[in-house]
Amino acid sequence: MPSPRANATALIRLFAGYNLSVIDLVALSGSHSIGEARCFSVMFRLYNQSGSGRPDPHMDPAYRGALNALCPLTVDQNVTAGMDATPVVFDNQYFKDLVHLRGFLNSDQTLFSDNPFTRAMVKRFSEDQDAFFRAFAEGMVKMGELQNPSKGEIRANCRVANGSPPPLRNHVAPLRVLDF
């Protein structure tokens with residue numbers, strides 16, 4: 001699993017190591033169209049991007065304000081928010097959010113902000129949902145064909161191994177900033 005702090009260059013290198021293309025990387029990142037992430041995963045972007053003591057400059061100010069309200073420095077960092085504006089719908093809103101500098105994870109926003117190849121794919125998928133769906137399906141088939149000598153598991157909760165006690169879940173907050 002890539003780090004939520006990873007940049008586009010590191011992600012491209014990681015995916016290339018599995019013979020997955022830049023298109024696969026961007027399309028498969030679109031899986032973040034569904035689901036939530038913890039404040040823990042965004043705190044450094046809000047308060048100390050790259051050790052600067054300042055927020056990530058690649059973040060829409062209104063979106064940053066909404067995240068600051070949801071994830072203040074004193075928050076339980078297990079509070080969660082949707083990873084895009086439609087977190088229960090598999091669609092291309094994730095890519096639209098990235099174009100508008102509203103990516104939750106650094107590893108997501110960097111696909112638009114830091115690399116011309118990934119930026120072009122993000123723009124394409126933000127404008128053409130069917131192209132995203134086709135590329136996502138192709139990327140999933142490629143991932144499914146990867147060989148892993150050790151057995152894994154499909155986790156009920158991605159943060160804990162099956163059979164472990166579930167993590168505490170204090171609060172699920174909607175995060176909607178749709179003013180474009």
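S126 counts as buried, since its relative accessibility is 12% (buried means under 20% relative accessible area, exposed over 50% and partly exposed in between, with a 1.4 Å probe and protein chains only). The model is a predicted one, in which local features need pLDDT of at least 70 and side-chain atom pairs count only at pLDDT 80 or more, while totals for chains, interfaces and linings use all residues. Residues are numbered from 1 along each chain as its sequence is written, and side-chain values use heavy atoms, with hydrogens and water left out.

S126 belongs to helix α7, which covers residues 116-127 (helices are DSSP runs of H or I with at least four residues, strands are runs of E with at least two, and both are numbered from the N terminus). Apart from neighbours within four places in sequence, S126 is in contact with N92, F95, K96 and V99, where contact means heavy atoms within 4.5 Å. A polar atom of the S126 side chain also lies 2.7 Å from the backbone oxygen of K123.

## The disulfide

A disulfide is a covalent bond between the sulfur atoms of two cysteines. Taking a disulfide as a pair of cysteine sulfur atoms within 2.5 Å, the count comes to one, and this link joins C39 to C71 with an S to S distance of 1.9 Å. The link of C39 and C71 is left-handed, with -70 degrees about the S-S bond. C39 lies in the loop between β1 (36-38) and α3 (43-47) and C71 in the loop between α4 (61-70) and β2 (80-82), so the pair ties together parts that are 32 residues apart in sequence.

C39 counts as buried at 1% relative accessibility, and C71 is buried with a relative accessible area of 0%. The C-alpha atoms of C39 and S126 are separated by 25 Å, the two residues being 87 residues apart along the chain.

## Ser33 in its loop

S33 is found in the loop between α2 and β1, and at 0% relative accessibility S33 counts as buried. Not counting residues up to four places away in sequence, S33 touches D84, T86, P87, V89, F90, D91 and Y94.

## Helices α2 and α8

I23, D24, A27 and L28 in α2 meet F132, A135, F136, G139, M140, K142 and M143 in α8.

Notes: Polar contact = N/O pair within 3.5 Å; in protein donor to acceptor, adjacent residues only side chain to side chain.
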